[in-house]
Amino acid sequence: MSVRPVQVVGATRPEPAAEAGWDTAPGLAEGARNTDLTVDRCDLNYWIRNVAQGTWSGLVNGHRPEAETPAHMKRPGPLRDAMIHEMAFRSLAEAIAARVLSYLVIHAPDRNSMEFYVTQVADEARHSSVFRGHLLEMGIAEADLPGIIERYASEGRDTVLKPLEDWILGVMRDDQDFVGGVVCITILVEGVLAPAAEISELKWRLLDPAAAQIEWGANIDEIRHLTVGASIVRKAIEQNPAEKDRLLEVIRRGVTLWNEVPTDDVILQREHLFQQGMAEFEELLADYELLPGVRLLDTTPEQRMEIAYERQRELQRSRLGFMHLEDAEQYLV
């Protein structure tokens, strides 16, 4: 039995804040550099009004109802395999993020910080769900999903995600280090993965509009995560300058670990599949530019990865200065 939603005559829902609006939010890199958000603003009420009732309003599995999954994404081939690799890995990564972030809820020093990280846990769990849901939209049966995710993403989980999870749990759970945990997430996880997610949204726009919109919606959330996290770290250092050296050491250890795990191999595997697949759609992509003046068809897997890394470096440098942690740039070269 279906239940029709109750409609209140004359009631209107206020527009979400610009940074959370589906049609008004900036791109992820721009938003993370230029948006100023704090835990005092982004409490639970902000999230309900601007995200749950704003960003997500009217979406179906993270995208607008009219955004379709094209037939070519449901047929065997390298393009479909590239998407399965990406969605399976992202679904696992976001699920792990939701779990580890729970320790920031536990150790939050005040109510607004606790409420903000409750909302981020919900965001990450939802991201995991919609990435997983897109695999269903591509025609994979629900019963087959666990096996498909294991087949396509287990290597990345074991070699990249698991070592990162273990290290972050050491900071958040074992050391009960709230600000150190915020640094882990803001600089060393989302600060690294966010630019790649933005490039992903751009490259899939014509080839799989539903997937691109799922990425867009998740990236709107990441603007909030990155900027609020940065404001927490900035405030902690301004209140206690002695924290700076300790947090620099957290960054140094995190970057060392990032350099040891084979993240490039995981990304390049799906980028090579994407390269093979997009060659079949030269007419569709003929004039489409990944960036101004850069046609998607003219890029290589290595070039797309370098574009993402350059954006990552730009984003990290701008946020490190904001957080009074510019000395950490020496570890990010």
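Is H85 buried or exposed? H85 is buried, because its relative accessible area is 11%. Buried here means under 20% relative accessible area, exposed means over 50%, and partly exposed is in between, with a 1.4 Å probe and protein chains only.

A word on the source. This is a predicted model, where local features need pLDDT of at least 70, side-chain atom pairs count only at pLDDT 80 or more, and totals for chains, interfaces and linings use all residues. Residues are numbered from 1 along each chain as its sequence is written, and side-chain values use heavy atoms, with hydrogens and water left out.

Back to H85. H85 sits in helix 3. Helices are DSSP runs of H or I with at least four residues, strands are runs of E with at least two, and numbering goes from the N terminus. Set aside the neighbours within four places in sequence, and H85 is in contact with Y152, Q269, R270 and L273. Contact means heavy atoms within 4.5 Å.

Now the partners of helix 3. Two packed helices are described by the angle between their axes and the distance between the axes. Axes are lines fitted to C-alpha atoms, for helices over the stretch in contact, and angles run from 0 to 180 degrees between N-to-C directions.

Take helix 4 to begin with. Helix 3 covers residues 78-106 and helix 4 covers residues 111-137. They pack at about 160°, with axes 8 Å apart. Helix 3 and helix 4 are therefore roughly antiparallel. The cut-offs: under 35 degrees is roughly parallel, over 145 roughly antiparallel, 65 to 115 roughly perpendicular, and the rest oblique. The crossing of helix 3 and helix 4 is left-handed. Left-handed means that the near helix is turned anticlockwise from the far one by less than a right angle; clockwise is right-handed. The residues of the contact of helix 3 with helix 4 divide into 17 nonpolar, 6 polar and 4 charged. Ala, Val, Leu, Ile, Met, Phe, Trp, Tyr, Cys and Pro count as nonpolar, Asp, Glu, Lys and Arg as charged, and the others, Gly among them, as polar.

Next, helix 5. Helix 3 and helix 5 pack at an angle of about 25°, and their axes are 9 Å apart. That makes helix 3 roughly parallel to helix 5. This crossing is right-handed. The contact of helix 3 with helix 5 divides into 18 nonpolar, 2 polar and 4 charged residues.

D123 is in helix 4. D123 counts as buried because its relative accessible area is 0%. Beyond four places in sequence, D123 touches W47, V51, W56, D221, R224 and H225.

On to the cores. A nonpolar core is a set of buried Ala, Val, Leu, Ile, Met, Phe, Trp, Tyr and Cys residues joined through side-chain atoms within 4.5 Å. The largest one has 92 residues, and W204, I251 and L325 touch the most other members. Helix 3 gives the most to this core, with 14 residues. Another core lies apart from it, with 8 residues, among them A25, W56, L59 and W216. What does W204 touch? Leaving aside neighbours within four places in sequence, W204 is in contact with M73, L79, A82, M83, E86, P209, A212 and F274.

Now helix 7. Helix 7 (residues 209-239) and helix 11 (residues 301-322) pack at about 35°, with axes 9 Å apart. L226, T227, A230, S231 and R234 in helix 7 meet L315, R319 and F322 in helix 11. The residues of that contact divide into 4 nonpolar, 2 polar and 2 charged.

S231 in helix 7 is buried, because its relative accessibility is 10%. Outside the four places on either side in sequence, S231 touches L37, T38, V39 and F322. The C-alpha atoms of S231 and D36 are separated by 8.0 Å, though the two are 195 residues apart along the chain.

Last, the backbone. Most residues other than glycine have a negative phi, and most peptide bonds are trans. Which residues here have a positive phi without being glycine? N61 is one of them, with phi near 50°. N61 is in the loop between helix 2 (44-55) and helix 3. N61 counts as partly exposed, because its relative accessibility is 24%. Q176 also has a positive phi, of about 50°. Q176 is in the loop between helix 5 (145-174) and helix 6 (178-203).
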